[in-house]
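Subject: Handing over the structure

Hi,

Here is the structure I promised to pass on.

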Amino acid sequence: MNTSSDVVTGLDGCAVPEADAARVAATRDRLVTPEEATRLAELFRLLGDPTRARLLYALLEAGELCVCDLADAVEVSDTAVSHALRLLRTAGIVASRRAGRTVYYRLADAHVRMLLDLSREHLKETG
């Protein structure tokens with residue numbers, strides 16, 4: 001015969017089988033919408049590629065670079081850099097400017113810089 005004190009709850013389980021309705025409602029009110037969650041997942045998928053991540057950190061350090069300089073800095077082909085930059089520009093993560101026949105790329109805004117800085121700081125803390 002099992003009593004409630006005999007039941008073992010896993011570390012990821014709930015000791016109390018009922019949800020706290022007020023906390024759930026308050027959380028739902030502040031939760032991202034399904035559309036926002038999809039856009040966030042797409043953003044993180046873009047940032048999840050090692051080459052694109054290195055390109056972004058190169059831009060974070062340099063401020064602004066052309067495709068040739070980026071390719072040399074991260075040691076990948078111009079073609080790979082151009083493809084990655086096209087994806088990042090379309091997503092609004094990088095911006096560009098033309099000077100004659102050369103296009104220079106930079107991070108789109110301070111939010112991207114902050115995201116990269118915080119991500120790198122998190123890596124340092126977690127080893």
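Predicted model: local features only at pLDDT ≥ 70, side-chain atom pairs only at ≥ 80, totals over all residues.

Residues are numbered from 1 along each chain as its sequence is written, and side-chain values use heavy atoms, with hydrogens and water left out.

Salt bridges first. I mean a side-chain nitrogen of Lys or Arg within 4 Å of a carboxyl oxygen of Asp or Glu. Searching the whole structure turns up two of them. In one, R120 pairs with E61, with 3.9 Å between the closest N and O atoms. R120 sits in helix α6 and E61 in helix α3, so this pair ties together parts 59 residues apart in sequence. (Helices are DSSP runs of H or I, at least four residues, and strands are runs of E, at least two, numbered from the N terminus.) E61 is exposed at 60% relative accessible area, while R120 is partly exposed at 41%; the cut-offs are under 20% for buried, over 50% for exposed and partly exposed in between, with a 1.4 Å probe and protein chains only.

The side chains of E64 and R97 also form a salt bridge, at 2.9 Å from N to O. This one links E64, in the loop between α3 and β1, to R97 in strand β2, 33 residues away. E64 is partly exposed at 27%, and so is R97 at 38%.

Now look at R52, in helix α3. R52 is buried but has no salt bridge: D49, the nearest side chain of opposite charge, is 4.2 Å away. (Lys and Arg count as positive, Asp and Glu as negative; His and the chain ends are not counted.) Beyond four places in sequence, R52 has contacts (heavy atoms within 4.5 Å) with R45, L46, A84, L87 and L88.

F44 is in helix α2 and is partly exposed, at 48%. Its C-alpha atom is 22 Å from that of E64, 20 residues apart along the chain.

Finally, the largest pocket has 16 lining residues, with R39, L40, L43, A91 and I93 nearest its centre. A pocket here is an open set of points on a 1 Å grid over the protein atoms alone, where a 1.4 Å probe fits, with protein on both sides within 12 Å along at least five of seven lines; lining residues have an atom within 4 Å of a point. Helix α2 gives the most to the lining, seven residues.

Cheers
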